[in-house]
Each structure stands twice: as C-alpha cells, then as structure tokens.
Amino acid sequence: MITLLRAALAATLLLVTPALAHNGVVHLGEISISAPFTRATLPNAPVGGGFLTIENTGDQTDRLISATSSVAGDTQIHEMSMQGDVMKMRELAEGLEIPAGATVALAPGGYHIMFMGLNQAFVEGESITITLVFEKAGPVEVELPVLGTAADSAGHGAMEMDHGASQDDAPMMDHDALNSESTN
C-alpha cells in the first residue's frame, strides 16, 4: 500500500512540475526556453510585450499554441513585420511553429507575446508569470523579469536609435490594421 502511495505521489509531482530550470533555462521535454523578459510599462498602459527564445532539440516540430497570464485580460502570440514603410502586427491564431532542431526568438520587432488589457503596470525589477502551451510538449510556466522600457534583450541592452533620422523616414505602425485584425 505504501509503495502504491509513493508511486502516486511521484506521478503527481511529475504532472505538476513538468519543467525544470537549469542555469536560467526552462526545460520541458525537448523544448528549452531561455532569455525571457518583458519591458516596464507606464501606469495605465493598455498593452505590453513578452520576449524569450525557444529551442526545440527534438526530431519533431512542435507549436506554441497559446499563452496566458493573470496580468492581462488577453494574452496572444503575435508577429510584427514591415510591409513597405508600415509596421504591421497580427495575432498568430494557429500559434507559432517551432521546427525540429531549430531555435525561434520572440524578440522586439518580430514574434512576441502580446499582453492586452493590462491589469497592472509592469514595474522594472519585478517579474510576471506566463503559461505557455505547446502542442506536443504541453504547458509550462515561465517567469519574465521586467526590464527597463528600452531593453531589447534579457542582457538588459538598450535598442540602438538613430536620433538624427528624419521623422519622414521613420516607419509607422498601422494601428487600424491591428484593431481590425484583432476583432476578426
């Protein structure tokens, strides 16, 4: 009877704690998640972004199919891309493919986690928790440290900006396209 209880306890622990962190990297089966971070937001900001790197060391493609967090009313997987001089952002409703043997970066200006309808400001020095769900590997909780507003990587770097560039040369984000795509 005691052996059966120990086996049940061990099985429960495996289900409850499927991810192990080692050297700041979260491991979930064949999936490794590293360099997570988000940027500080202003009070009452409606949105925020989450960034990290996903490595698939397996021999089968997996897919990041959803993300959730208590810090926002809605959490989505997004892609940003330039179309001419306009920056477009869209939800990846089918998720983000993580090919076998590949590494996919969710970084400013590209793929990212979008937090919409923030319930709180993201304060530099704190962290937020998100749950990522993979099609094959399953769910995993990841802590995102909140870095400064200009951080472009978990290494606390700031984005390079050309402050001498003309306003006319600067790319513009198409907010109307974002609003129409997110309501579809």
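Reply: The whole structure contains 2 salt bridges, where a salt bridge is a side-chain nitrogen of Lys or Arg within 4 Å of a carboxyl oxygen of Asp or Glu. This is a predicted model: local features need pLDDT of at least 70, side-chain atom pairs count only at pLDDT 80 or more, and totals for chains, interfaces and linings use all residues. Residues are numbered from 1 along each chain as its sequence is written, and side-chain values use heavy atoms, with hydrogens and water left out.

Start with Glu79 and Arg90. Their closest N and O atoms are 2.9 Å apart. Glu79 sits in strand S6 (residues 72-83) and Arg90 in strand S7 (residues 86-91), 11 residues apart. Strands are DSSP runs of E, at least two residues, numbered from the N terminus. Arg90 is partly exposed, at 40% relative accessibility. Buried means under 20% relative accessible area, exposed over 50%, and partly exposed in between (1.4 Å probe, protein chains only).

Now the other pair. Glu97 bridges to Arg63, with closest N and O atoms 3.4 Å apart. Glu97 lies in strand S8 (residues 96-98), Arg63 in strand S5 (residues 62-68), and 34 residues separate them. Glu97 is partly exposed at 41%. Arg63 is partly exposed at 22%.

Phe134 and Leu64 are among the members that touch the most others in the 29-residue largest nonpolar core. Such a core joins buried Ala, Val, Leu, Ile, Met, Phe, Trp, Tyr and Cys residues through side-chain atoms within 4.5 Å.

Methods: Helix = DSSP H or I, 4+ residues; strand = E, 2+ residues; numbered from the N terminus.
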